[in-house]
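Subject: Structure for you to look at

Dear colleague,

Here is the structure I said I would pass on. My notes on it follow below.

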Amino acid sequence: MIIHDIFSKNKHDKMKKITVAIALFLSSLTVQAQDNEIYRMKEFARENKRQIINIPDVGEFKILKADFHMHTVFSDGQVWPNVRVQEAWQEGLDAISLTEHVEILPFRQDVKVNTTRSYDLAKRMADENNIILIKGTEITRNTPPGHFNAIFINHSEGFIADLDSERDDEAIGKVIDQNAFIIWDHPGWRASTIEGSYEWVDFVDRLHKNKALGGIEVFNGFSFFKKALDWAVDKNLAVIGNSDIHNLIAHTYDLDADHVNRTMTLVFAKERTAESIREALDAGRTVAWASKYLAGKEEHVVSLFNACVSIGTAHHSVVRKDQSGRELKTNYYEIVNKSDLYFELELTKGDGTEEIILYPSSSQMITAAAGQDSLEYKVVSAYVRSDQHPVISFSLRE
Ligand code: ZN
């Protein structure tokens, strides 16, 4: 019995060994088989992430990043609507509007065109990615008066698709009836070829007097229409920056370069909602942003600057004697830019560092002669009129 038991145990062990050996052999076969299958080279994929554009709150307002003018294949753009949402998510935007032309439809043979179809197709992805998608369109009349974006529309029924100038009033009336927020687009678009295309024309004046015009594109893509800034300031209209993108953003903008972003509008909104954006636009609380440049009403540009930039107390002093033996004391200060905006400053009043570049999210050292209360600079990278930069002041504390 005992012998038999031992024998059977040995036999059992032997069987176990064989089983293990077979299992190992099979598993090595499996590994080899896997090696012959598919290797996903994920290390080469674009990192799936959203850029954060840091801009601090200005008083009670959040600064929302918005692009209210872009196109897809549903008018004369090069991309499907979801691509616009992907771009906006990657680039850190809060709100976008797909503004298809009512009249310019080069792909009408290929795409079943409908002005708000791109909105419908993009809405789900926008919701999932926390991008505020605003329903819009572009009313594209002959220049002048030119093109008008209408955002916060409800529907696209009854729009005028022909370009008969006699019907301009009727065409814009279709979006006025919907209480849309209307933006005069790129007012100097054909300035060199069409007379009157960079003028405050009667049509626009009538819209303004009827309180139907809400804003003007001062920045459109790579263009800065300086006269348009004066019109916006003088007539209290929202200063708008939009990309008017037709191709891919990354195809058009050198996003890998320093200080380059798509042209957009910074909206001073009470909340991060579509309703708050509308309220801010109606109140004209915006600053247009194009990479290194800002444009807006003085109060908004200055309050934005002051929210982003601060100066510390003097952290160091140096005393030297001038030729007559008089002692001169120089104080050292650190200036911090906690935003991703770019500012260039030139000294206009006081004795201190003459030129300052405040790079995004960085600090800079300046000096100032002791005994002064403040230094004044103009922010030459920002515009508050066509020929005027905002002036800011740094309080000096020893
Ligand atoms: Zn456009």
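The buried residues of α4 pack against β3 (132-140), β4 (147-151), β5 (181-184) and α5 (202-209) in this predicted model. Helix α4 itself covers residues 168-176, and its buried residues are Ala171, Ile172, Lys174 and Val175. Viewed down the helix axis, these residues fall within an arc of 140 degrees, so they line one face of α4.

On the overall layout, the protein is divided into domain 1, residues 62-296, and domain 2, residues 309-395. Their centres, taken over C-alpha atoms, are 37 Å apart. Where they touch, 11 residues of domain 1 are in contact with nine residues of domain 2. On the domain 1 side, the elements that give two or more residues are α6 (226-234) and β11 (293-296). Helix α6 provides the largest share, five residues. By type, the residues on that side of domain 1 are five nonpolar, two polar and four charged.

Leaving aside neighbours within four places in sequence, Ala288 is in contact with Val218, Phe219, Val239, Ile240, Gly241, Thr265, Leu294, Ala295 and Gly296.

Regards

Technical notes. Residues numbered from 1 in each chain as written. Predicted model: local features only at pLDDT ≥ 70, side-chain atom pairs only at ≥ 80, totals over all residues. Buried ≥ 20, exposed ≤ 12 C-beta atoms within 10 Å, placed from the backbone. Helix = DSSP H or I, 4+ residues; strand = E, 2+ residues; numbered from the N terminus. Arc of directions from axis to C-beta. Contact = placed C-beta atoms within 7 Å. Domains from an automatic or database assignment. Nonpolar A, V, L, I, M, F, W, Y, C, P; charged D, E, K, R; others polar.
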